[in-house]
Amino acid sequence: SQFLSELTRMFRRARSHGSVVLTMKRYDGRTKPAPREGRKPLPEPSEYMCLIRATLRTQKISTVVSCADRRLCI
Amino acid sequence: MCGAREIVREHSFHYTKYSGIKMTYVKSWEEFEKAAERLYLQDPMKVRYSMKYTHNKGCLSLKLTDDVDCLQYKTEIVQDLKKVEKFINNLMRHMASKEQ
């Protein structure tokens with residue numbers, strides 16, 4: 001919700017000039033990089049989330065939406 | 001400067017394969033939506049969706065890519081907004097779900 005209010009503020013600021021870019025990507029919750037050959041592979045993700053980023057000129061904000069949050073988001 | 005640009009025809013729609021030169025925009029929303037859904041479902045983890053809104057031009061530009069193929073759609077019509085909103089909702093719903 002903090003993301004949403006900041007996003008709204010971004011759109012308001014972009015009214016006169018500039019553009020807001022919104023990006024969405026699926027995120028599997030992994031925080032470690034993929035291990036090399038011969039080592040234990042990372043476990044299968046149990047839950048997928050949606051990573052959302054918003055950019056206005058140099059300002060960048062982002063948030064992660066999980067299954068439970070998405071009802072609030074939409 | 002040469003650059004191959006294939007127009008891939010599959011079923012009833014086509015999209016342009018990116019090979020290093022300027023990408024074209026898909027002409028109709030229906031085409032974009034169908035192709036986008038297809039591209040996303042091929043590998044949901046690889047695809048990213050981005051949307052750029054410029055208020056003083058009143059233009060909304062959409063892009064869905066898996067870094068190999070790229071689909072773009074541009075609109076200035078207010079009527080398209082509802083369709084875009086529905087599309088994003090579906091996309092987010094799938095992204096944040098347990099479905100593969």
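Select Asp28(A) to begin. Is this residue buried or exposed? Asp28(A) counts as buried because its relative accessibility is 15%, where buried means under 20% relative accessible area, exposed over 50%, and partly exposed in between (1.4 Å probe, protein chains only). The structure is a predicted model, in which local features need pLDDT of at least 70 and side-chain atom pairs count only at pLDDT 80 or more, while totals for chains, interfaces and linings use all residues. Residues are numbered from 1 along each chain as its sequence is written, chains are lettered from A and ligands numbered from 1 in the order in which they are written, and side-chain values use heavy atoms, with hydrogens and water left out.

Remain at Asp28(A), which sits in the loop between strand 1 and strand 2 of chain A; strands (E, at least two residues) and helices (H or I, at least four) are DSSP runs numbered from the N terminus. Next, display the residues in contact (heavy atoms within 4.5 Å). Leaving aside residues up to four places away in sequence, Asp28(A) touches Pro45(A), Glu47(A), Tyr48(A), Met49(A) and, from the other chain, Met45(B).

Now show the interface of chain A and chain B. The contact takes 28 residues from chain A and 26 from chain B. The area buried between them, that is, the accessible area (1.4 Å probe) lost on being put together, summed over both, is about 2,300 Å², of which carbon and sulfur atoms give 58%. On the chain A side, strand 1 (19-27), strand 2 (49-56) and helix 2 (70-73) each supply at least two residues. The largest share, 9 residues, comes from strand 1 of chain A.

Proceed to the largest nonpolar core, which has 35 residues. Such a core is a set of buried Ala, Val, Leu, Ile, Met, Phe, Trp, Tyr and Cys residues joined through side-chain atoms within 4.5 Å. Select Met24(A), Phe32(B), Tyr49(B), Leu62(B) and Leu64(B), the residues with the most contacts inside it. Centre on Leu64(B): among the residues it touches beyond four places in sequence are Phe32(B), Tyr49(B), Cys70(B) and Phe87(B).

Finally, colour chain B by pLDDT, the predictor's confidence in each residue, from 0 to 100. Its mean is 80, and 77% of its residues reach 70 or more. pLDDT stays under 50 over residues 1-6 of chain B and over residues 17-22 of chain B.

How values were computed:
Buried area is the accessible area (1.4 Å probe) that two parts lose on being put together, summed over both.
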